[in-house]
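Visitor: Could you walk me through this one? I'd like to hear what the labels rest on.
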Amino acid sequence: MGSGPMLLGDAIHGVIRVHSDDDRLAAATLLAEAGVILDIGRSTDAAVLVVDEWTPQHDPEVLAARARGCRVITLADLILARAEGPIVAVTGTAGKTSTCHALRALLINSGATVVMSDTARSSNAWPDHSLAGTPTPLHVVLIAELTSTHLCHMEMRRTVDVAIITTLRPDHADLHPNHTAYIESKKRILLGQGPSHAVVLPGDDPDTLSAIGAVAGDTWMFAGPDVGAKGAFRRPDGRCVLRDSRGDVADGVLPDAPPVLIRAVLAAAAGALALGATPQSLAPHLAQVTSAPHRQRELGLFRDARIIDDTMAATPRKTLAAIEAFASQHPVVVIGGDQFDHDPAEVAEVLVRLRDLRLRVVTFGDAGEGLGADARAISWAPTVMGALGAAATIAGDGGLVLVSPMFPMKPAERDRVAALPES
């Protein structure tokens with residue numbers, strides 16, 4: 001179990017800087033329960049400042065607040081502090097949401113009671129207002145996705161019982177002072193952990209293991225070769241080996257799915273084992289886990305073409321991973337979105353790979369218009385739906401369309417893609 005509730009003290013003053021109306025109301029309610037008097041505006045007398053997950057680590061108001069001794073926290077801090085049952089938290093550069101959804105499915109199917117947000121944007125599992133009601137009781141597992149800009153602002157007074165770190169790569173350069181600060185933010189998920197807690201790490205990712213370094217929690221592994229460690233591993237024949245702390249072993253069938261889901265299932269299975277599930281209770285359910293929305297999820301047919309919704313791929317690395325996963329099926333690739341200052345070398349790597357594989361490309365939005373010539377795009381559309389319609393026509397009956405934009409998209413646009421009717 002964790003280290004107990006967050007104590008804010010009686011009648012101290014606080015300011016909430018949270019964009020979502022629902023989350024702002026939830027934070028106000030939880031602060032009031034903790035004896036905090038809310039100030040209107042940006043009071044220099046506030047003793048606590050609540051920020052949301054889009055607040056940069058080096059935001060001037062945050063830096064000024066810390067300099068005068070003000071505590072900076074998030075709604076996630078307040079929610080996790082009230083949990084009476086175990087907390088499984090997931091972070092990493094990629095795969096967080098998919099791992100959370102896979103973990104929830106595995107735990108529920110193995111008989112556990114679980115809570116996880118279903119109302120955070122784009123199917124993320126961020127702790128939001130939906131979890132701010134009655135504290136989760138002792139027998140209920142709370143699953144929380146924590147991004148770097150949760151963690152850099154969190155006090156982590158409630159220690160995470162099982163921390164899952166999927167992978168660490170350069171990302172969110174606009175939200176942190178540098179890459180080192182980004183990595184250190186991610187590592188905060190381990191604060192307060194000791195031998196009675198657990199950390200799940202990617203056994204096939206030496207760069208991530210090196211970045212994390214020594215850990216205090218009981219270590220479990222996922223992916224990578226099965227060398228007899230505790231965790232979940234993929235065998236050469238494609239099946240999964242599950243091994244717990246007692247040495248009990250079971251094997252199961254993994255989903256017939258792209259690598260992003262396979263890794264999520266392995267990470268989730270290792271997390272469930274660390275939480276106390278048995279290999280035998282998990283193995284029968286591995287193959288039934290499905291992709292989270294917007295993460296390489298097949299939607300069915302649109303204008304007789306098969307559609308893969310990978311609209312959360314808003315960086316070149318994520319789009320490149322999707323291209324490699326589906327290259328053998330020769331998809332028509334839809335890229336574009338809102339203009340964003342990605343590393344030009346990483347963008348160029350994606351475009352070169354598209355040309356090397358001779359994949360047809362349709363672009364959309366401001367970013368797509370600028371990429372048109374370099375991507376050798378067949379066409380451009382102002383919206384993702386226009387591009388998707390053109391791509392489906394090009395793909396033809398039974399052909400594949402991969403929507404993996406490489407640039408940010410508005411949540412409403414992602415939702416329109418996910419809601420495509422099956423024909």
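**A buried threonine**

Guide: Let's start with Thr-93, which is buried, at a relative accessible area of 6%. Keep in mind that this is a predicted model.

Visitor: What makes Thr-93 count as buried?

Guide: The cut-off for buried is under 20% relative accessible area. Thr-93 has 6%, so it is called buried. You'll find Thr-93 in the loop between strand S5 (87–91) and helix H4 (96–109).

Visitor: Which residues is Thr-93 in contact with, its neighbours within four places in sequence aside?

Guide: Among them are Thr-166, Thr-167, Leu-168, Asp-171, Tyr-182 and Lys-318. Arg-169 is on that list too, and the side chain of Thr-93 reaches the backbone nitrogen of Arg-169 at 2.7 Å.

Visitor: How many strands form the open sheet, and in what order?

Guide: Nine, in the order S6-S7-S5-S8-S9-S10-S11-S12-S13, with mixed pairing.

Visitor: What makes S6 and S13 edge strands?

Guide: Strand S6 (113–115) and strand S13 (249–253) each have a single partner strand, so one side of each has no neighbour in the sheet. On average, neighbouring strands here are turned by 20° against each other, direction ignored.

Visitor: How do you know that S5 and S8 pair?

Guide: DSSP has to find at least two bridges between two strands. S5 and strand S8 (residues 162–165) have four, in the parallel sense, so they count as paired. Val-90 stands opposite Ile-164 in S8. Helix H4 lies across S5, S6, strand S7 (140–145) and S8, and runs at about 165° to S7.

**The cores**

Visitor: Which residues touch the most other members of the largest nonpolar core?

Guide: Of its 40 residues, those are Leu-103, Ile-143, Ile-164, Val-200, Leu-242 and Leu-266. Helix H8 (259–275) is one of the elements that give two or more residues to this core, and its share, 11 residues, is the largest. As for Ile-143, its contacts beyond four places in sequence include Val-88, Cys-100, Leu-103 and Val-114. A second, separate core of 38 residues includes Ala-27, Leu-31, Val-50 and Leu-75.

**A helix and its cap**

Visitor: What makes Ser-20 a cap for H1?

Guide: A side-chain oxygen of Ser-20 lies 3.4 Å from the backbone nitrogen of Asp-22, at the N-terminal end of H1. The limit is 3.5 Å, so 3.4 Å is within it. Helix H1 (residues 21–33) reaches 19 Å from first C-alpha to last, close to the 18 Å expected for its 13 residues. Its buried residues, including Ala-26 and Leu-30, pack against strands S1 (12–17), S2 (36–38) and S3 (48–51) and helix H3 (75–82). After H1 comes Gly-35, with a positive phi near 85°.

Visitor: Which residues have a positive phi although they are not glycines?

Guide: Ala-223 has one of about 65°, and Gln-296 has one of about 50°. Ala-223 lies in the loop between S10 and strand S11 (231–234). Gln-296 sits in the loop between helix H9 (279–282) and strand S14 (297–302).

Visitor: Are they buried or exposed?

Guide: Ala-223 has a relative accessible area of 5%, under the 20% cut-off, so it is buried. Gln-296, with 7%, is therefore buried as well.

Key. Residues are numbered from 1 along each chain as its sequence is written. This is a predicted model: local features need pLDDT of at least 70, side-chain atom pairs count only at pLDDT 80 or more; totals for chains, interfaces and linings use all residues. Side-chain values use heavy atoms; hydrogens and water are left out. The expected span of a helix is 1.5 Å times one less than its number of residues. Buried means under 20% relative accessible area, exposed over 50%, partly exposed in between (1.4 Å probe, protein chains only). Contact means heavy atoms within 4.5 Å. A polar contact is a pair of N or O atoms within 3.5 Å; within protein, one must be able to donate a hydrogen and the other to accept it, and residues adjacent in sequence count only if both atoms are side-chain atoms. Axes are lines fitted to C-alpha atoms, for helices over the stretch in contact, and angles run from 0 to 180 degrees between N-to-C directions. A nonpolar core is a set of buried Ala, Val, Leu, Ile, Met, Phe, Trp, Tyr and Cys residues joined through side-chain atoms within 4.5 Å.
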